[in-house]
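Keep the structure open while reading.

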Amino acid sequence: MHAHRIGPSRAIGLTLVAAAIFGAYGCSKEEPKKAAAPAATPAAPAAPAPVAEESVTVTIGHAGPLTGGIAHLGKDDENGVHLAVDEATAKKIKIGGKTVKFVMMSEDDQADPKLGPTIAQKFVDAKVAGVVGHLNSGVSIPASAVYNQAGLPMISGSATNPKLTEQGFKTIFRTVGRDDQQGPAVAAYIANELKLKKVAIADDATAYGEGLANEVEKTLKAAGVQIVAREKTNDKATDFKAILTKMKGRSPDGIFYGGMDATGGPMLKQARELGIKAAFAFGDGACTAEMNKLAGPASEGMICSQAGIPTQMASKAFTDAFTAKYGEVKQYAPFFYDGANLLIAAMQKADSSDPAKYLPELQKISYDGATGHIEFDEKGDRKDAEMTIFQMKGGKVEPIAIIKAGKTTKIGGDAQASASAAPAAAPAMAPAMAPAPKK
Amino acid sequence: MKTAPAGAVFVSGPAGTGVMRPAWRARPRIEQCPLPAPAIHRTIRHRFGNLLRERLDIFLQQLVNGLTLGSVYAIVALGYTMVYGIIQLINFAHGEVVMIGAMVALTVINALVGANLGWPPLAIVVAGVLVAVPVCMAIGYALERVAYRPLRRAPRLAPLITAIGLSIILQHVALIIFSRNPLSFPQIIPIVSYHVTDNVEGARITNVQIAIIGTSIAMMAGLVALIYRTKLGIAMRATSQSAQVAGLMGIDINRVIALTFVIGAALAAVAGVMVGTYYGIAQYQMGFLLGLKAFSAAVLGGIGNIAGAMLGGLLLGVIEALGAGYVGDLTNLCQIAHWSAAIAERCVSDPNLTLFGSNYQDVFAFFVLIAVLVFRPSGLLGERVSDRA
């Protein structure tokens, strides 16, 4: 999940300033928080104690932003966990000879890194059996230390920052790929599928953008692609014409930009204004529908990557059950659904809901979930995690290929045609960017 | 004494933008027509062949980019320099006025596009400007009336801090009204690009760039005419020389100062719309860096000096474009690879090994600013008292 890079702490800071100036605004912000709290609390007291003789209650925690700018994504994840928990209860699973009633305890971390450890401690105190979350890498990383110390397993379905599993924590897992797998994947697509020979690379000088661009550069070089320019801008810039003009002088046939849509969109637009015909590729930060708004028709044909599989590729059983209950899948729900199911499956295998007992089972699990086959490596990362390549088509980012363990699988019939025709598509973009009459 | 600086302004405008002239002439023509190449260009091409021609095209393109950016800086810088000239206050909220101009115009343009009235695109943009200008004028007036006038006799630091405070308040008002997300400026005017030389693949100038440069020059000319040819201008110059004496001569100083703010805000509003339509994006923070650079431009040219602000703006834009375009290559360590084995080794794997890359784009302008100020502390065009307005 890239949203953490927008800097939630800064956002909160701004909100506080705004709240200080405009009291009314601050008050309205409080309401959803209060509303969310009672919804979560009923689960907590029910959590620790067994309810009846032959049935026990096992609580699974979920944490994510349920208020704020990306609350819709947090709610989507919560629904995924909720679905898994309800399905497991309906199956009347027996653990230790007793029928288990699974319940979810959901907490709002507001996408705030400072709240991560607080929420984590809350779960530890409530003695939940396991946690699915958090949504943002920035929140998951500080929270992971608390979970690890308490020996409580945590599975995130969306935190992509490599650091999360690089801390050597035994209880931290993720069902989604890592940022450092994304760069190689999009680079592999550029080199092997688009078959570009001269590529210019730019980034926004943030940890995310620069890291991604470096990975892409490394992989492209290894694949024998010539890097004709390596430029930098910043995440607040609006004028990219200087670096684009420089790139134009090296006549690249492809340009990769590591950065968010707010800078990627204008860059793409300005490139077409300058008459640059090269194909454009981006990472997940600029893999949004917003690109079409910001760049207009110039965005058509751009390539971008995201960690994981596209929502429409999740298993049919999951998609049907989810849409019947909650409506459309937004983004990471299948990964969170799998996260909850992995916890439950490991508990079944160990025949215990005690984290200390089922953790070894979770580590060596082999499970077929909504997002495909899941196994963890020794760090807790998903083995052979998929990366998806998207392309802007008619104003929508549509999946065109899935890259897994270096192998590319194309999606859909027409995607196949368009992907193989991509080198030819670059010159074909020219009329769209030149003075084409558009509205 | 009156006309000399005005003349200088007129020269610095078209002379600086000389490259673009052929493109203006070609405006009525349909795009992609080769333009008459200047004679010098032709000789150069004959002598040095394609390589240089390509390089020249890139250079011209950077110049076009820089001049467009520079004319926006110039317009914003005028707002800083006018206010400084008249009350020696640095109005740090000026950048935010630009942002509000862009946001208001964006809202109006979006509403008009949504209403689908069948207006021509240009009329919609003009309508956006016509709404943004009075709104910004009102804000400019309010800033002066509410925040600066009560502090006019206070120590100089007080209004400066107030200005910074106002800038933060305006930013956050915009944050609340227009959200934190970057908003896309609807691109209703189809972009037509003309190539400046006879190379179809070469340097281009778009209709929007021509419009920005043209509007800026027209506004600068209008402002100069206002300051040197009207009664209000005389009053402004008198107030800038000595507010006290001007008051004794029967000039309503409060009115003159308020009008200075209002005129600066109007220019800022137009600049906001230009930036918005040029980049196609508007955000509540966009005024900060723009304001800072325009302020630097004003200092570069000599703060308080109208012609200086224009010259400083254009220079800053060009320096920035050329800096980002060329310093990376000029400081490429691989050029001196034969000096050091260590460098040579790294250049094998990374031929783009540079000391200063384009990430220093925002810094070049300030390097130049410092360099100029070391040798000319009062800026390029100095601070001749008579030039102040």
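A:Glu273 and A:Lys269 sit four residues apart in helix H10 (residues 261-273) of chain A, so about one helical turn separates them. The two form a salt bridge, with the closest N and O atoms 3.7 Å apart. The model is predicted.

**Salt bridges**

- A:Glu273 is buried, because its relative accessibility of 7% falls under 20%.
- A:Lys269 is also buried, at 5%.
- Over all chains, the whole structure holds 28 salt bridges.
- One of them pairs A:Asp381 with A:Arg174, whose closest N and O atoms are 2.7 Å apart.
- That pair links distant parts of the chain, 207 residues apart: A:Asp381 lies in the loop between strands S13 (372-375) and S14 (387-393) of chain A, and A:Arg174 in strand S6 (residues 172-174) of chain A.
- A:Asp381 is buried at 4% relative accessibility, and A:Arg174 is buried at 0%.
- A network of salt bridges links A:Glu166, A:Arg174, A:Arg178, A:Asp180, A:Lys379 and A:Asp381.
- A:Glu375 forms a salt bridge with A:Lys383, at 3.7 Å between the closest N and O atoms.
- A:Glu375 is partly exposed at 26%, and A:Lys383 is partly exposed at 40%.

**Cavities**

- The count is seven cavities of 30 Å³ or more.
- Helices H4 (94-115), H5 (121-148) and H10 (253-279) of chain B each supply at least two lining residues.
- H10(B) gives the most, with three.
- The lining of the second largest cavity has five nonpolar residues, four polar and no charged.

Key:
Residues numbered from 1 in each chain as written. Chains lettered and ligands numbered in written order. Predicted model: local features only at pLDDT ≥ 70, side-chain atom pairs only at ≥ 80, totals over all residues. Heavy atoms only, no water. 1 Å grid on protein atoms, 1.4 Å probe; cavity = no way out; pocket = protein on both sides within 12 Å on 5 of 7 lines; lining within 4 Å. Points joined across faces, edges and corners; volume = space filled by probe spheres on them. Nonpolar A, V, L, I, M, F, W, Y, C, P; charged D, E, K, R; others polar. Salt bridge = Lys/Arg side-chain N within 4 Å of Asp/Glu carboxyl O. Buried < 20%, exposed > 50% of the residue type's maximum accessible area, 1.4 Å probe, protein only.
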